[in-house]
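Here is a short tour of one protein structure, written with your modelling tools in mind. Have the viewer open as you read.

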Amino acid sequence: MLIAADKFKGSLTAVQVAERVTAGLRRVVPTVQVEALPVADGGDGTVDAAVAAGFERREVRVAGPLGDEVTAAFALRGGTAVVEMAESSGLQRLPAGVFAPLTASTYGAGELLRAALDAGARSIVFGVGGSATTDGGAGMLSALGARFLDADGEPVASGGGGLSELASADLSGLDPRLGSVELVLASDVDNPLTGPKGAPAVYGPQKGASPDDVETLDAALAHYAKVLEEAVGAKAAEYAASPGAGAAGGIGYGALLLGARFRPGIEVMLEVLGFAPALEWADLVITGEGSLDEQTLHGKAPAGVAAAARAANKEVVAVCGRLALAPEALGRAGIRRVYPLTDTEPDVAKCIAEAGPILERVAERIAGDFLT
């Protein structure tokens, strides 16, 4: 049996989900063979999933989204690094209840990429998601050697709001090692940089942006792309309209400017984590995440796991905190059956607070249904 589940956000990490499911299964069938492969789709938890799969955890001090120093981690194995932008620039790096939609910066994400280069990485999986930022990756590019100046020749202020004052951009000072590294932009988001489906309009409100802030940020990022077009040519405009440019507040755009190749996050992570060989011997796959809903079907980890398992003719069931998908949608996704915590404990608050023990009881039901 293979457990390849994502985190239950706010309750359990992906590693803890696997531990609890394993414990529940073994309570019913002590001899069951279980392999745990915690997964992630490029968002928060991606480094932890890589470490659980055998990568080495490396820690470094970098700038948080508000400029204060934080300890962030990336994962390294051989010449491959897994870098998670949320480690430096994610919402979890903001004080509780504090948002900074106009000023939060991705500078620390650039420092993380630089640390991966310093560690000898020749291939970098750059997982983006869960960001506190909407700066189009300008902070990240600055940390890697780019310069963004106002009309007086001074650096523009941090964050997306400061880009409205941008007069010139110079990418000639970018770290030369970027030219010889394979950079993969791993995300479940295919939005462009700006417009009705762009980063500010779709994701800005989740980061505390008011309607006026969204308008300001959208105009600032459009201006930023225009200035970059003048600096590096037509490809800057092409990248701004490309799928993935709007990921994580537009850091996807910055990554594309660095030559990154955009790929669905879960697809990349399954390769990096070694899902295919783990799948070979499994007769049942258990996947899941905190909420199985419409978003799950659009590139989230359980959908990616189910698709890969179905292609190998393996049966898939899922665990989750709450279920908001019809059986037909689950069937089309390749998930035979779902076990929500709310079926065992109807009190949602208790499901969140006591997710671990409840998940073990759910796993006992799976064992009873499939192993006995």
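Is Asp48 buried, exposed or partly exposed? With a relative accessible area of 34%, Asp48 is partly exposed; buried means under 20% relative accessible area, exposed over 50%, and partly exposed lies in between (1.4 Å probe, protein chains only).

## About the model

This is a predicted model, in which local features need pLDDT of at least 70 and side-chain atom pairs count only at pLDDT 80 or more, while totals for chains, interfaces and linings use all residues. Residues are numbered from 1 along each chain as its sequence is written, and side-chain values use heavy atoms, with hydrogens and water left out.

## Salt bridges

The structure holds 22 salt bridges, each a side-chain nitrogen of Lys or Arg within 4 Å of a carboxyl oxygen of Asp or Glu. Asp48 pairs with Arg57 in one of them, with 3.2 Å between the closest N and O atoms. Arg57, partly exposed at 37% relative accessibility, also meets the side chain of Glu59 in a salt bridge (3.4 Å, N to O). Glu59 is exposed, with a relative accessible area of 54%.

Elsewhere, Arg263 and Glu267 form a salt bridge whose closest N and O atoms are 3.0 Å apart. Arg263 is buried at 13%, whereas Glu267 is partly exposed at 38%. A network of salt bridges links Asp6, Lys7, Lys9 and Asp44.

Asp41 sits in the loop between strand E2 (35-36) and helix H2 (46-52); helices (H or I, at least four residues) and strands (E, at least two) are DSSP runs, numbered from the N terminus. Asp41 counts as buried because its relative accessibility is 6%. A polar atom of the Asp41 side chain lies 3.2 Å from the backbone nitrogen of Gly43.

Leaving aside neighbours within four places in sequence, the residues in contact with Asp41 (heavy atoms within 4.5 Å) include Asp6, Thr46, Ser187, Gly265 and Lys300.

## The sheet and its helices

Five strands make an open sheet with parallel pairing, in the order E2-E1-E11-E12-E13; two strands pair if DSSP finds at least two bridges between them. E2 and strand E13 (337-340) are the edge strands, each pairing on one side only. Strand E1 (residues 2-3) runs parallel to strand E11 (residues 284-292), and two bridges join them. Leu2 stands opposite Val285 in E11.

Helix H12 (residues 301-311) packs on the sheet, where H12 touches E11 and strand E12 (315-323). The direction of H12 makes about 160 degrees with that of E11; axes are lines fitted to C-alpha atoms, for helices over the stretch in contact, and angles run from 0 to 180 degrees between N-to-C directions. Helix H16 (residues 355-370) lies across E11, E12 and E13, at about 150 degrees to E13.

A nonpolar core is a set of buried Ala, Val, Leu, Ile, Met, Phe, Trp, Tyr and Cys residues joined through side-chain atoms within 4.5 Å. The largest one has 55 residues, and those touching the most other members are Ile124, Phe126, Leu141, Phe148, Tyr224, Leu228 and Tyr253. Helix H9 (residues 247-257) provides the largest share of this core, seven residues. Another core, apart from it, has 39 residues, including Met269 and Phe275.

Why is helix H10 (residues 265-273) largely enclosed by the rest of the structure? Seven of the nine residues of H10 are buried, so the helix is largely enclosed. Among the buried ones are Ile266, Met269 and Leu273. Just after H10, Gly274 takes a positive phi of about 80 degrees.

How values were computed: Polar contact = N/O pair within 3.5 Å; in protein donor to acceptor, adjacent residues only side chain to side chain.
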